Amino acid sequence: QKGIKAATDLTVLGGVITINSTDDGLHAVNVTVSGGTLSIQTGDDGIHADTSLTISGGTISILQCSEGIESSDITVSGGVTTIVATDDGVNATNGSGSSFNREASDGSLLLVTGGELYVTAGGDALDSNGNLQITGGVVGIYAMSSMGDGAIDYNGTGSLTGGTLIIASTGTNMTSISGISLMALSASGSAGTEIQLLDASGNLLGAFTPQSSFSTVLVASVALESGSTCTVSVGGNTAYTGSFTANSSTGYGYGNSFGGFGNSFDNNGFNNNNNGFGGHGGRGGRGGW
């Protein structure tokens, strides 16, 4: 069943913890991980908190799960977290939604202020039924960008005001995040191929190793102003060197790729209307071309 369960609060300060469970790896009302080395394999959520989940340190490897981490209030401020999920990688939800109102905001929050967060997901890589904010750290995500799923999905508001974001996908172009645009490249790699983003001086701004093959790479960093020089390396080979140029201001992928952009950019659908190709493009929802 569950690996480690607490009735109210569960805090991991250190140590080495290995969990192989059929249900949630860690489960409580509130979960905090500030240290230690955790290796989790589970048939359900890697870490589940009913109310709040905070990761401020430690090394967390969730390499087999349905959903990686789930709570209504998720904060990642430190540590190194690696997730390989068959469904959503990180899911901020209070569980009040149904199959009929999945696109409605429920007040949840997914906040990344620091640390390293790496996600390879079969569903949405980062999913918030409320707001999503990236203010620091390094975030590397992969999603198949299939019907109804994509790299980032939120139903409230979204912003990227700090840190570095690297996205690998199977070809879906993404839209800008609250004025900070992504540079999209056609760059292929097999599972286990490292992607690096460097500045003009060769300083590493971020790296990500997707656990699935990819054909498109998108990058953004607050360290790179428009026109500044950067280098993108894929598998040790230079895929691009030149000016950082936002070339992904409009999306042509499925709606849940940066779903929720409809709330901030209602007319960013491919057909420039709120209905979108699949009927929910105005919310960045299912089929939102």
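Two strands are taken to pair if DSSP finds at least two bridges between them. Strands (E, at least two residues) are DSSP runs, as are helices (H or I, at least four), and both are numbered from the N terminus. The structure is a predicted model, in which local features need pLDDT of at least 70 and side-chain atom pairs count only at pLDDT 80 or more, while totals for chains, interfaces and linings use all residues. Residues are numbered from 1 along each chain as its sequence is written, and side-chain values use heavy atoms, with hydrogens and water left out.

The mean pLDDT (the predictor's confidence in each residue, from 0 to 100) of the protein chain is 81. A value of 70 or more is reached by 77% of the residues. Over residues 249–289, pLDDT stays under 50. For that stretch the model has 115 contacts (heavy atoms within 4.5 Å) beyond four places in sequence. Where pLDDT is low, the predicted coordinates should not be read in detail.

Strand 8 covers residues 67–71. Five of its five residues are buried (under 20% relative accessible area, with exposed being over 50% and partly exposed in between; 1.4 Å probe, protein chains only), so the strand is largely enclosed by the rest of the structure. Strand 6 (residues 45–55) runs parallel to strand 8 and is joined to it by three bridges; here His-48 has Glu-70 of strand 8 as its bridge partner. Three bridges also join strand 8 to strand 11 (residues 90–92), again in parallel, and Ile-69 is partnered by Val-90 of strand 11.

Glu-67 lies in strand 8 and counts as buried because its relative accessibility is 9%. Its side chain makes a polar contact with the side chain of Asn-91 at 3.3 Å. Such a contact is a pair of N or O atoms within 3.5 Å; within protein, one must be able to donate a hydrogen and the other to accept it, and residues adjacent in sequence count only if both atoms are side-chain atoms. Apart from neighbours within four places in sequence, the contacts of Glu-67 include Asp-44, Asp-45, Gly-46, Asp-88 and Asn-91.

In the loop between strand 6 and strand 7 (59–64) lies Gly-58, which is partly exposed with a relative accessible area of 22%. The C-alpha atoms of Gly-58 and Gly-36 are separated by 4.8 Å, although the two residues are 22 apart along the chain. Beyond four places in sequence, Gly-58 touches Ser-34, Gly-35, Gly-36, Gly-79 and Val-80.

A search of the whole structure finds one salt bridge, defined as a side-chain nitrogen of Lys or Arg within 4 Å of a carboxyl oxygen of Asp or Glu. Lys-2 and Asp-23 form this pair, with the closest N and O atoms 3.0 Å apart. The pair links distant parts of the chain, 21 residues apart: Lys-2 is in the segment before strand 1 (4–5), and Asp-23 is in the loop between strand 3 (16–21) and strand 4 (26–33). Lys-2 is partly exposed at 28% relative accessibility, whereas Asp-23 is buried at 17%.

An open sheet is formed by four strands in the order 20-19-22-23, with antiparallel pairing. Its edge strands, strand 20 (204–208) and strand 23 (237–243), each pair on one side only. Strand 22 (residues 229–234) and strand 23 are paired over six bridges in the antiparallel sense, and Thr-229 stands opposite Ser-243 of strand 23.
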